[in-house]
Amino acid sequence: MSERCRLYLITPAKLEPESFAKTLKQTLDAGDVASLQLRLKDVSDDAIRRAVEILMPIAQASDVAFILNDRPDLAASLRCDGVHVGQDDMSYAEARAAVGRDCIVGVTCHNSRHLAIEAAEAGADYVAFGAFYPTTTKEPKEFAESDTLRWWTELMVVPCVAIGGITVDNAKPLVEAGADFLAVSSGVWDFPAGAAAAVKAFNALLNA
């Protein structure tokens, strides 16, 4: 892997955009973050739009790609930098058709090498493997092994994202296995010393 592993932040599933905006700015100012995925659960389209309008400019001002979870239609209309789709959401081809060629499209592949190869060959910008550890954010469909990351990075050029229960304390084996990005949610937002401190700690680990 030529470049070092980077942080891929995922928002809390529930947030109030105005109050979260300040936290987000402090967090992104604390160190290198590659991308921010807005993942809101059980909210209206209007709530997603409002969150994007408030939070996307903060991310982009820090040169952080803004990725919307699950909703290629909204990602396209709101001009997000990318969209992330799960296996149950829609196909990669449908997502790509919705957002166009210039948008990032990432695909959840759980622990399936077959699904990952299919997504990469179809044109996905990254594949996500996981969950690697138990997570409170969502109920994992299945758990992934670090060997999958190692196998992927030896064979493929499409970047891979490790996701699921990742914290500063357990991330190192995934970095060593070749993950291009660590997707982290509660491991940052619930960090005892605060989210900004978590970003600093992750970057210290990734720079080591």
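**Figure 1. Cys80 and Cys103, two cysteines of a predicted model.** Cys80 is buried, because its relative accessibility is 7% and the cut-off for buried is under 20%. Cys103 is buried as well, with a relative accessibility of 8%. What is the count of disulfides? It comes to zero. A disulfide is a covalent bond between the sulfur atoms of two cysteines. Here a pair of cysteine sulfur atoms must lie within 2.5 Å to count as one. For Cys80, the nearest cysteine sulfur belongs to Cys103 and is 7.2 Å away, so Cys80 is in no disulfide. Cys103 is in no disulfide either, as the nearest cysteine sulfur, from Cys80, is 7.2 Å away.

**Figure 2. The two sides of helix α5.** Helix α5 spans residues 113–122. Which residues of this helix are buried? They are Ala116, Ala119 and Ala120. These three cover an arc of only 95° around the axis, so they sit on the same side of α5. The other side of α5 carries His114 and Glu121, both exposed. What do the buried residues of α5 pack against? Their partners are β5 (104–110), β6 (126–130) and α6 (146–155).

**Figure 3. The ends of α5.**

**Figure 4. Helix α5 packed on helix α6.** Two packed helices are described by the angle between their axes and the distance between the axes. For α5 and α6, the angle is about 35° and the axes are 11 Å apart. The crossing of α5 past α6 is right-handed. Which residues make the contact? From α5 come Arg113, Ala116, Ile117 and Ala120. From α6 come Asp147, Thr148, Trp151 and Trp152. Ala116 and Ala120 also belong to the buried set of α5.

Figure 5. Is Met156 buried or partly exposed? It is partly exposed, with a relative accessible area of 23%. Setting aside neighbours within four places in sequence, Met156 is in contact with Ile117 and Ala120. Ile117 and Ala120 are also among the α5 residues that contact α6. Phe132 is 24 residues from Met156 along the chain, and their C-alpha atoms are separated by 20 Å.

**Figure 6. A cis peptide bond between Gly130 and Ala131.** Most residues other than glycine have a negative phi, and most peptide bonds are trans. The bond joining Gly130 and Ala131 is cis, with omega of about 10°. Where does Ala131 lie? Its place is the loop between β6 and α6.

**Figure 7. Two aspartates with positive phi, Asp63 and Asp70.** Asp63 is not a glycine, yet its phi is positive, at about 60°. Asp63 sits in the loop between α2 (45–61) and β3 (65–69). This residue is exposed, because its relative accessible area is 68% and the cut-off for exposed is over 50%. Asp70 also has a positive phi, about 75°, although it is not a glycine. The loop between β3 and α3 (72–77) holds Asp70. Asp70 is partly exposed, at a relative accessible area of 24%.

**Figure 8. Asn69 and its surroundings.** Asn69 is found in strand β3. Is Asn69 buried or exposed? Asn69 is buried, with a relative accessible area of 10%. Its side chain makes a polar contact of 3.2 Å with the side chain of Asp70. Not counting residues up to four places away in sequence, Asn69 touches Gln37, Leu38, Arg39, Lys41 and His84.

**Figure 9. Ala30 and Ala196, separate in sequence.** Ala30 lies in the loop between α1 (17–29) and β2 (35–38). This residue counts as buried, at 17% relative accessibility. Ala30 and Ala196 are 166 residues apart along the chain, but 5.3 Å separates their C-alpha atoms. Which residues does Ala30 contact, leaving aside its neighbours within four places in sequence? They are Ala196, Val199 and Lys200.

Terms used. Residues numbered from 1 in each chain as written. Predicted model: local features only at pLDDT ≥ 70, side-chain atom pairs only at ≥ 80, totals over all residues. Heavy atoms only, no water. Buried < 20%, exposed > 50% of the residue type's maximum accessible area, 1.4 Å probe, protein only. Helix = DSSP H or I, 4+ residues; strand = E, 2+ residues; numbered from the N terminus. Arc of directions from axis to C-beta. Contact = heavy atoms within 4.5 Å. Polar contact = N/O pair within 3.5 Å; in protein donor to acceptor, adjacent residues only side chain to side chain. Axes fitted to C-alpha atoms, helices over the stretch in contact; angles between N-to-C directions. Left-handed = near helix turned anticlockwise from the far one by under 90°.
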